[in-house]
Structures are given as C-alpha cells and as structure tokens.
Amino acid sequence: MGGGRFSYEAYTRLSTSKGYAKKSRSEIFTSRNIDKEMDPSDVAFRESRDSEEHPESLSIIVGLDVTGSMGGVPEIIVKETLPVLIGSLMEAGIEHPQVLFLGIGDFVYDSAPLQVGQFESSAELLDRWLTKVYLEGGGGGNNQEGYNLAHLFAARHTAIDCWEKRKQKGFLFTIGDEPVFPEIPADIIKRYTSEKEAHTVTTKEIIAEAQEKYNVFHLHLEHSEYSKSDVRKGNWKELLGENFIELPDFRTVAKKIAEVVIQHHKGSGASSTNTNGTATDRNLDDIEIEDML
Amino acid sequence: MPQCSIVIDLGFGDCGKGLTTDYLASQNPSSSLVIRFSGGHQVGHTVTTDDISHTFSNFGSGTFRGVPTFYTEHTTIFPPAILLEGKYLEKYQPRLFFHPHAMVTTAYDIAYNRAIEKQNQHGSCGLGFGATIERNREEVYFFAQDLAFEWVVKERLTSIKNYYQKLVDALGDQVQKLYKNELETYHEDDYVQCCQVIEEFYTVKSFEELQNSFDHFIFEGSQGIMLDTRHGFHPHTTWSNTTSKNAIEFINHYFGNTHKLDLYYVTRCYQTRHGNGPMSNTQEVQLQNHEQEANVTNEFQGEFRTTTLDPQLLNYALTCDKHYHGHLSVSKHLMITCLDQLPDFSINAFLPTINESFQSVLGSYGPGAKTIQVIQNDKS
C-alpha cells in the first residue's frame, strides 16, 4: 500500500478551505491556473536594482510553501503576516529592502510548483504578488516539497545589485513544514524555468549555488503535531546547519525574517569595506529587535 | 485466444505490482487492457519510466503505455481523486472504464474511516476503502453508473450521510467528535461537481462491450495476499480478496475455458510492511539504492519496515492462492523486485526454499520495467 496520494490530496482539498480572494473552491478544482505574471517559465531574470530612491537595495527572497499539508497557514501568512514584512524590515533598520515573493509547491504533484513575483520596495507593491499567488493547496503524500526550486530560481534567475555592486549577500528564506526533495531533475528545470538545457542538480549543489549570493535560511513551521516530528524536518539541519530555524508560531514569520536579516546583515556590513555610514553598518547593538517589530 | 495475466503480491503489499503491470503492458500496448479487480482508490502503485515516476491510485499502471483500465464491481472509485490525478496525467490521455456497479467512495466514507482509525490504528490508509465496502454490504449503494446524474448523486450523498450519522451516534463522544472534525469544512458542492467533471476520463461499460477489442488482459492486483480479507491476520487486513480469486472468477465468467492464463507472483527480495500489524521475525536488512522508496511513514499507516524474506510465509501465500485456480491450467511466474537494493540476496539459494515450480523467474534491478531481466526460463 504505497498509499493513494492523489486520493489523500483530493480529500484534503474537499475538506479544507484553501480558497483565497475571489477564487471559490470549485474554481480551484476545475481551473488549476497560475497567474501568467507569476509564471517562471519565461523569466530570464528578476532584478533587484539600486535607484535614486533606494540607493543601497538589499534583496530578500521569501518562498512560501503553499501546499495542502500547510492547511490554512499559507492563507494567513499571505493575508496577514507578509504584508507587514517590508514595514518590519524598515523599522528594524534595513532602509532599502527589496522583497521577492515566491509560492512553492510540489513539482511531482502540483501544476504550479513555482510562482514568482517581482522584487518590490513597498508594502503596497508586494501585496500585489501576495494576492496574486495561487494557493494551490496541493502537494502529495510524499513528505517532500520542491523548496529547492526557490534555491534554483535565486541562484540562476535573479540579478541583485547588493551582491553585484557591493558584495553584500541577499537573503533567501524558504518557509514550510516538510523536507525538501533530494534533487531537481533536468526535465523539471526545463519545464519550470526559462532554461532550455539543464542537468539534474542535487539540492545540496543548488543550495551551494544560491549561497554564492544569498544567505540561505529555512523556516520550519511547527503548526501541527505532525509538523513537529523529525520525519517532517528531514535533513534540513544537515543542509543548512544553524540556518535551519524551527518556528513554533507561524504568525511570527515576518518578525523572524526581520530579526534574522538584521542580525546577519549587520554582521556582514561591519566586515565589508563599506564604511560610509549608511544603513548597512549602523550600530544596532543596543536596540532590542523585538520592540521594533 | 485471449491472454490473461494476473499480477499478485505475495506479501504485505508494496512489492512491485505497478512495475510488473507496466512491464506486461509494454509487450503489446495497443491490444492490452488493465483490469483492476480488487482494492480501489487507496492503492499506490509506482511506475517509473525515463520521463516520469508516478504512483498510480486511480488509474491503472499501464497508463503510460496508453493502456486503458477497467474497474470491476469489486473496486472503489473516488471522483475528486480521479479529477486530480487525471489532470496531472493529462498528456498521457488516461482512460478508464467502469463496471456499472463499481463502488463510489464519498467524503463520508473517508471521514468515518479516519475517525475509527484514529482510535484503533489497524494500519488503514485512511481513505475510506473499507468503509465503502462495508456500506455496500449494508446495501447503502452509490455506483459508477450514478455519477452522470446530478440529482441522483445528491440523493446518494444524503442517504450515505444519514447512514454514517446513525453509526457514529452509536459509537460514543470520541468518535462523534473525530467524525465531525473531519467534515467540519467539507463542501459537498465540490464533490458533486467533481462527479460531473470527471466525465472526460471515464466511460461506464459492461465488460462484454469491451472484451472483443483487446487480446491481452492484465489483472492488476492490489495490496498483498498477507493482507487478504480471508488470509491476512485480523484486524490488520483489507476488505478485499487480494488473491487471484476475483480475477479467476471474472475470467471464468467472461472467457470460459478459451484463454491462456499466466500468473505473476511478485515479491521484493526482502520483506516489507507498511503500517501496523505483524510481520514474521526475520532479520532487519541494510538496503542500498533505496532513496526512491515510494513508501514513507505517514500519519495513518505508520512506519515502513523491512526485513529479510521469509520463505515459509511466501510458501503460505502461494498455498492460499492455489485454491482459487488449482483446477485450471496455469503458467506461474515469479517476479523478484528491488534486487539492486540487496546485493547479499542469492537467488540460487532462495529458489529451492520455495515449494513451487515457475515457468519463468524474473528480476528487477531498478525502478523501471527496463531493468527487468529473465533469470530463469523453463520452456518445458
């Protein structure tokens, strides 16, 4: 009994509310569509650039698991938590955050395992992507999700000034409650990115690739008894070490992201050659981060 | 003369019925029909090709070869899952034929199954298969032929809902609460809609209408003989005949004596058990190349365990099955799977411990049908 995965998933869909915005549940059943603007298959690069208004941009990618195992959690995160993320980051002292939102699914079972927004500098603009994301509510009974598609996209399909101009790494957060697939098969890379030729890549390799220009983290949400079990945490610890973070209260996701960014950003800012007194090396030692979020 | 091949798992399931069915379907796909004659939408049969690895639940394991699947009246179907899996497999143009009396599973069957299973832990998949069979025995029916009639579907759902409400009411607070929780946010409209939308994937047909269009009938078994409703070990059994019983009856009924019959018994080269319940006391095994295991520990079935094969248990399974076809002329074959995972396994040492002579012994050395090799072939 390997276990009737599609039957599990179908039952989960019938019995949990995944509808978001104006999509009714029946629409989710009949039209499993990704918004064209979020389709990664013809995106060469998402760019995070400095501008007059934002002279020292800091690129932050947030990839959220939007599959069925997460129950109603993605909806709450997308509706209530992430919209305040940019505000939280700015309050914490990151003056020019640019946030790219990704919706992550299961590339074995879902029709839209990767959905990509654009790097945005304001809460209003970010919200556009948060409301567009298609909450597939899918995933399979395979106890794994395609978080590595976020690493892939970050590594190969983003161009970020903070790294290219200032050697300041961006931040990549994946958020979910399952282990990650051990690899990304070549045909999945070809199907869901703009790459025409591809080789299968292991998760370890693609994380290393992403780490060339991003600090890579995974937030594991302990939103249910099952999600607290070791089998649901898989080998994240092995892959990311201290950057694997268990989060008991998923409502604190934005706060946690801001906290992590400010801690690591300050560190690397201080060690960089950039000493012209902007946000990157402002002394925040004495500020209680909790109070600012 | 039509050829009938029956694929039977000798163990507790998970042995490689998907692989074996795909292999048989590959031999002459255009004239083959896969027949599901036991189990239902709860199965998980994994087939791996160069393009894709997929665990089938609602479509037969010949689907990647373009082979359609017939579901007999002994099986269950779950419309929302057909829609999901069918859409996922769309580019392979999956096709289903339903016996008019194939049994339809509802969310109420699943909710009841889960409420009970959460109390008992019998190793059920939590997908309402047993509940559906039990309900049909109580003569509360919902058949494949009803699906196309929306009003009928709604009435069936009302009857089934009332049927379970009575059962649950008699079982005390705990079950009542669990059952209610399962259905708290269930939307019946979605279910009804699914019953209509899946029309693109299935046709209701009697077997007589189909049998002359095909030459090779591949009977894809479910679970394993050690989980059989009669020969498994209560209470860790499934609600269906997982031996060749249903298939043999079917063949006798539709083909009489004019057919060629082959039986493919499938076992991994080690013993597996997914879910609770006994397995014989042999040593644990160390496996290699095992990363693609389709079975994972889950909330309902529990742990996936592996130990060395127990010849005594295999002989027992073969004996159980023999009684259903002993009177017929049958060619028997043995398929030993996952040989790449256990290099210590010796086929030559193993075969003499089995009290059965096989016309051929086959082995698989990887996930796909391509890796299947003929190990022994006795033409006499």
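Reader: How do you know which features of the model to count, and how are residues and chains named?
Author: Residues are numbered from 1 along each chain as its sequence is written, and chains are lettered from A and ligands numbered from 1 in the order in which they are written. In this predicted model local features need pLDDT of at least 70, side-chain atom pairs count only at pLDDT 80 or more, totals for chains, interfaces and linings use all residues, and side-chain values use heavy atoms, with hydrogens and water left out.

Reader: How many helices and strands does chain A have, and what makes a stretch one or the other?
Author: Chain A has 13 helices and ten strands.

Reader: What makes strand 4 and strand 10 of chain A edge strands?
Author: Two strands pair if DSSP finds at least two bridges between them. Six strands of chain A form an open, mixed sheet in the order 4-3-2-6-9-10, and strand 4 (114-116) and strand 10 (244-247) each pair on one side only. Neighbouring strands here are turned by 20° against each other on average, direction ignored.

Reader: How do you know that strand 6 and strand 9 of chain A pair?
Author: Seven bridges join strand 6 (residues 170-176) to strand 9 (residues 214-221) of chain A, in parallel, and pairing asks for at least two. A:Phe173 stands opposite A:Phe217 in strand 9 of chain A.

Reader: Why is helix 6 of chain A called largely enclosed?
Author: Buried means under 20% relative accessible area (exposed is over 50%, partly exposed in between, with a 1.4 Å probe and protein chains only). Nine of the ten residues of helix 6 of chain A are buried, so the helix is largely enclosed by the rest of the structure. Among them are A:Leu149, A:Leu152 and A:Phe153. Helix 6 (residues 148-157) of chain A lies across strands 2, 3, 4, 6 and 9 of chain A, at about 160° to strand 6.

Reader: Why is helix 2 of chain B called oblique to helix 7 of chain B?
Author: Their axes come within 8 Å and cross at roughly 60°. Angles under 35 degrees count as roughly parallel, over 145 as roughly antiparallel, 65 to 115 as roughly perpendicular and the rest as oblique. That makes helix 2 of chain B oblique to helix 7 of chain B.

Reader: Which residues meet there, and what are they like?
Author: B:Pro79, B:Pro80 and B:Leu83 in helix 2 of chain B meet B:Tyr191, B:Cys194, B:Cys195 and B:Val197 in helix 7 of chain B, contact being heavy atoms within 4.5 Å. They divide into seven nonpolar, no polar and no charged.

Reader: What makes strand 9 and strand 16 of chain B the edges of their sheet?
Author: Ten strands of chain B form an open, mixed sheet in the order 9-7-5-2-10-1-11-14-15-16. Strand 9 (202-204) and strand 16 (372-377) of chain B each have a single partner strand, so one side of each is left without a neighbour in the sheet.

Reader: Why is strand 10 of chain B called largely enclosed?
Author: Five of the five residues of strand 10 of chain B are buried, so the strand is largely enclosed by the rest of the structure. B:His216, B:Ile218 and B:Glu220 point one way, B:Phe217 and B:Phe219 the other. Strand 10 of chain B pairs in the parallel sense over five bridges with strand 1 of chain B, and over five bridges with strand 2 of chain B.

Key. Helix = DSSP H or I, 4+ residues; strand = E, 2+ residues; numbered from the N terminus. Axes fitted to C-alpha atoms, helices over the stretch in contact; angles between N-to-C directions. Nonpolar A, V, L, I, M, F, W, Y, C, P; charged D, E, K, R; others polar.
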